[in-house]
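Visitor: I would like to learn how to read charged pairs and surface patches in a protein model. Please take one feature at a time.

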Amino acid sequence: MAEKTVEAPVKMKKYLRKSEPITYAAALFGFAMLTGWVQGYSKTFFIDFALGDSGLPTPAITAIVAALFFVARIVGAICDIGIGYKVDGTKSKWGKLRPWILFGSAPLFIITVLLFVAPRTGSAMFTIIWIYALYILYTIFAGAVENPLNCFGAVSTPNPEERGSFLSLAGITKAVGQQGGMVALLIIGIIFKAKYGHHIDKQEYTIAAIICAFLGIALTLLAFFNNRERVPYTNEKTNIIESLKVVFTNKNLLMVALTKLTGFGRGVYSAVSIYIAVYLLGSKDLNIALMLPMGVGTAVSMLIVNFLLKRVSTKKIYIGFCLYGATMLAVLFGFTQIVGFKGLQDNVIFLVIFLALNFLIGLQHGNTNLTPNIMIADCIDEIELKTGKRVDALCYSGVSLFAKIAAALTDSFGVLLIGWTGYIAATGSTYGAQSNDTLNKFLIIYTIIPAVFVILQGLPILFYDLVGDKKKKVTEELLAKRGVKED
């Protein structure tokens, strides 16, 4: 069926209370602050401060940490499927999603804090076991909270137009929340510098972890206390094999999931952003100067995507932003090749241009943060119409399985690339000097490698067809087929 440019939503009543989009947006902001902190700073903490004084050579340390991220992410991906299945089978006075958010939050807080506490035992093996055990537990509990939290977009309202706006606001705050840890670290760094006259990086990371974990969980719990589930349960009982078959035989959902794998390397820039901040801008605290323009670009992009969703299909939006993102990364790569790392350090105008380009690159991320979630919600409707089964959590878990495998590849690949640069790990509480060759390789990891994967992530969406008249027909037939909860 030919795709039409405009996906006209079905006109129907609105179900959300005014406070629900706000509390859900705040919850995603908080959870993104916690997970963004771990994602952004665990690599450097493990390499430089947990194992930096272990006596092991840097290539051995990066190999150990790369293996850690791969193993933990794969374990988390497998557990996500079981979690999604159990979430869909949960029935309580609070619904099927909210109990998981409530009971998973406290363990997640404790584990996140302990991740950034390196025990002083003098044993490298004990430290390795410590970070392996905690990070694996972190991936499991983070999934147990994140999966049901993400599902609210599909169950909060049966109105697709209302759902799109609901997810758009949450997507914007989620993008901003991912930068929250950098603000905490900047403030803590300023306090330490004022008190001691210099940074104590290791201690600053631990304090920032406590702040991000506490605020993150406190905000996440807002979804438990205020948000509701209105799309009714289905009554059929299925086993996990049958449910997985339903999920992975839906072509459109599979295409959305495959974007996670084909684009796994687009996130490797995060592995070296902290080092670019340290050696280009002069301090880890100034990582915010790199990531904030990108975060602002992401938030702006969310608004753009939300505007476009009323006029253009999700498929066209996704592919268009992929092409744009790859182009801007290539421009940043070309610019850095022309002026060089030294030129960026010595010329303020070049540095301003570099940071401005980070903002323009950030405009691509609003698409990948928002559009897939809307696609998944649409796919859940399509699956329910075809099978009679409402498997919200399992659909998100199915995509999450691919995302976790991709994250395992991203994190491991990123850490191995740090080893490729010839980086010399810290042997104290602060970062040491690096060669120009190492610094230039950091810039390659930051630009050209992600550009290739941004193109690759768009390829599966070429085969996605739940758009235009087909999407409208699914919505109309499904609303006619099933009832709707008023509150």
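This is a predicted model: local features need pLDDT of at least 70, side-chain atom pairs count only at pLDDT 80 or more; totals for chains, interfaces and linings use all residues.

Visitor: What is a salt bridge?

Guide: Side chains of opposite charge can pair when their charged atoms come close. The term is used here for a side-chain nitrogen of Lys or Arg within 4 Å of a carboxyl oxygen of Asp or Glu.

Visitor: Which helices hold Lys-470 and Glu-382?

Guide: Lys-470 lies in helix α18 and Glu-382 in helix α14 (residues 365-387), so the pair ties together parts that are 88 residues apart in sequence. Helices are DSSP runs of H or I with at least four residues, numbered from the N terminus.

Visitor: Is Glu-382 buried or exposed?

Guide: Glu-382 is buried, at a relative accessible area of 2%, whereas Lys-470 is partly exposed, at 27%. Buried means under 20% relative accessible area, exposed means over 50%, and partly exposed is in between (1.4 Å probe, protein chains only).

Visitor: Which residues are linked with these two in a network of salt bridges?

Guide: The network links Lys-470 and Glu-382 with Lys-251, Lys-386 and Asp-465.

Visitor: How many salt bridges does a search of the whole structure find?

Guide: The search finds 10. Arg-73 is buried at 10% relative accessible area, and Asp-411 is buried at 1%.

Visitor: How many residues apart are Lys-473 and Glu-477 in helix α18?

Guide: They are 4 residues apart, which means a separation of about one helical turn. Their side chains meet in a salt bridge (4.0 Å, N to O). Lys-473 is partly exposed at 48%, as is Glu-477 at 37%.

Visitor: Which residues make the nonpolar surface patch?

Guide: Val-452, Leu-456, Leu-459, Leu-462 and Phe-463 make a patch of about 440 Å². Patch residues have over 30% relative accessible area and no salt bridge, and nonpolar side chains (Val, Leu, Ile, Met, Phe, Trp, Tyr) are joined within 5 Å. Leu-462 lies in the loop between α17 (448-458) and α18 (468-481), and is partly exposed at 44% relative accessibility.

Technical notes: Residues are numbered from 1 along each chain as its sequence is written. Side-chain values use heavy atoms; hydrogens and water are left out. Patches are made of residues with over 30% relative accessible area and no salt bridge: like charges are joined within 9 Å, nonpolar side chains (Val, Leu, Ile, Met, Phe, Trp, Tyr) within 5 Å. Accessible areas come from the Shrake-Rupley method with a 1.4 Å probe; for residues, only the protein chains shown count as cover. Helices (H or I, at least four residues) and strands (E, at least two) are DSSP runs, numbered from the N terminus.
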